[in-house]
Amino acid sequence: MKALRRIGYAAAATLLVFVSVFPLLYAISSSLKTRTGLFSPELIPAEPTLANYVSLFREQPFAHNLLNSLLVAGGVVALSLVLSLMAAWALGRVSFRGRGALLMTILAASMFPQVAVLSGMFELVRWLGLYDHLGALLIADLMLTLPFTVWVLVTFMRQLPKELEEAAAMDGVGPLTLVFRIFMPLLWPAVVATGLLAFIAAWNEFLFALTFTLSTEQRTVPVAIALISGSSSFELPWGALMAASVIVTLPLVLLVLLFQRLIVSGLTQGAVKG
Amino acid sequence: MELTHTATGVTPDGSPVPAARAGLSAQRRRRAWWMLAPMLVVLAAVAGWPLLRTIFFSLTDAHLSSPERWQFIWLENYIGRYGLVLDPAWWGAVGNTLVFALLSVTLETLLGLGVALLINQPSRVRTLLRAAMLVPWAIPTVVSAKMWSWMLHDQFGVVNHYLLQWGLIHTPIAWTADPSLAMFAIVLVDVWKTTPFMALLILAALQMVPADCYEAARVDGVPAFTVFRRITLPLIAPGIAVAMVFRMLDALRVFDLIYVMTSNSRDTRSMSVFVREQLIDFQQTGYGSAAATLLFFTIAAITIVAMRVLRSREADA
């Protein structure tokens, strides 16, 4: 009976690891194959080559796209963190009339389907003169990140001891100093977790990026990958496509694995206790 | 000494000084609003205002190419002769979205529960399992759509290759091009990518079950399956319900996966894909906004009902 259980566990565990990791391994393998090598499905490429990676940077503006994604995601993280740290202090540590309703409204905003704001956002973007400009994405993505960064940081900020704030108040410290000089260093695991989740959300964002940018130079990586095309519309450059996929995915996978404990706590704080 | 006490509004034994405290907390509340203001302004500008504009546009015949020229046509976009209610393409999208949401959320919950139970077993490889499980979750949706499109490629795909080799099929299958299979392929990729999220939430619920519950059952010699059915499942059910609601709301607005795998194909088009096609490709700001508004209110209604149900369950327990 016990042996049977162990075999069952081993089989389930192997299956889980295989199913989770195989597609990524296969993408890496495909990205290292030659044009003809792509037609055979073995995992270890017969004649490995970096040609797909080279063509990605030579024939497509992929370096540009990567930079765009970094700029947008970095900017979105910075803006979301500053705005939501300030708000989280007010929502988490000060009791005022309407606080509960405000928190529910913010939670409700995280349920908005992106397409529900699309035409209004399009108008806003055009009015600001940001159509086909990265700035449009910087603004639009805040709609995705702000509700949950606020929500997660509020739950973390509530856990800080009251005495700390009383001591600070005695020294006549204003709320900005309190939040950024005293609380933030204490909250850094929560800030890193929240920041990472916001980074992932902005890095992966597709619908706004697809709609608000037009020229290839302004595209972020997900749009570039989705719209990559070969010499004819029937023949997609699968090798280059997989190379691009690997480049955007590996840093993300490494980040997630490195910070998995923090991210898991951030995710579950936001969802389970919310 | 006396001075600091009045300044903080607290007497040495910790009880508040009424007058000073009232002034102080009024100041604190004012400061709170100032700290909130930037976030509220930004959120209103990027979420509230665009949503209101979308609802407004849905009552007009606005066109994307000439946004200044529009007329009120009130509910024509909804119930008029060319309105959504009579548009088979819209109902097709509604049907696709429901099929996708129900199938994927059901499968993800069952598999997520399985994975969570597996990872919850004390074992030396547990950390490795959790790390491996997080890999699909970390991969951008667009990328997983492309990765799977390649694996499911009808001619050179690795899936068809092995299915043929093992004699499970005799001719290659066009997973994403065949209308009857495309939705199945999309659900498969979504399940692969999102089961980790479900598993994480269920795992968090599992770890909150007090250990003495299991201890008592073990002492009494209750079989493992009964323990699971009678102790674990009822205790984690609220956690699972919350996770399912979150996933359901997410699944109802699915866009990236379907757009990348099958583009605007009628057989798999979701409500979000339909809206974007109307708004951007056909430039029908009014009509597209009406569809977007319907999607918004559907999701809002489900959210409110779900919150009510969860609240009342919590109150009962």
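Five residues of domain 1 of chain A are in contact with five residues of domain 2 of chain A, two residues being in contact if their C-beta atoms, placed from the backbone, lie within 7 Å. On the side of domain 1 of chain A that touches domain 2 of chain A, three residues are nonpolar, two are polar and none is charged. Here Ala, Val, Leu, Ile, Met, Phe, Trp, Tyr, Cys and Pro count as nonpolar, Asp, Glu, Lys and Arg as charged, and the others, Gly among them, as polar. The structure is a predicted model, in which local features need pLDDT of at least 70 and side-chain atom pairs count only at pLDDT 80 or more, whereas totals for chains, interfaces and linings use all residues. Residues are numbered from 1 along each chain as its sequence is written, and chains are lettered from A and ligands numbered from 1 in the order in which they are written.

Domain bounds come from an automatic or database domain assignment. In chain A, domain 1 covers residues 1-49 and domain 2 covers 61-230 + 241-271; the centres of these domains, taken over C-alpha atoms, are separated by 34 Å. In chain B, domain 1 spans 2-50 and domain 2 spans 87-316, with 43 Å between their C-alpha centres.

Chain B contains 13 helices and zero strands, where helices (H or I, at least four residues) and strands (E, at least two) are DSSP runs numbered from the N terminus. Along the principal axes, the C-alpha atoms of chain B fill a box of roughly 85 × 70 × 35 Å. Of the contacts in chain B between residues at least 6 apart in sequence, 65% join residues at least 24 apart.

Buried residues account for 41% of the 317 residues of chain B. A residue is buried if 20 or more other C-beta atoms, placed from the backbone, lie within 10 Å of its own, exposed if 12 or fewer, and partly exposed in between. The largest nonpolar core has 165 residues, and those with the most contacts inside it are Ala87(A), Ile186(B), Ile202(B), Ala291(B) and Leu295(B). Such a core is a set of buried Ala, Val, Leu, Ile, Met, Phe, Trp, Tyr and Cys residues joined through C-beta atoms within 7 Å. Beyond four places in sequence, Ile186(B) touches Phe100(B), Leu257(B), Ile258(B), Met261(B) and Thr268(B).

Between the chains, 71 residues of chain A are in contact with 75 residues of chain B. Helix H1 (residues 2-31) of chain A gives the most to the chain A side, with 12 residues. By class, this side has 57 nonpolar, 12 polar and two charged residues. Gln260(A), in helix H13 (residues 260-271) of chain A, touches Arg130(B), Ala131(B) and Leu134(B). Gln260(A) is partly exposed because 17 other C-beta atoms lie within 10 Å.

The model scores ipTM 0.92 and pTM 0.91. The mean pLDDT of chain B is 89, and 92% of its residues reach 70 or more, pLDDT being the predictor's confidence in each residue, from 0 to 100. Over residues 1-16 of chain B, pLDDT stays under 50, and the model has 19 contacts beyond four places in sequence for these residues. Where pLDDT is low, the predicted coordinates should not be read in detail.
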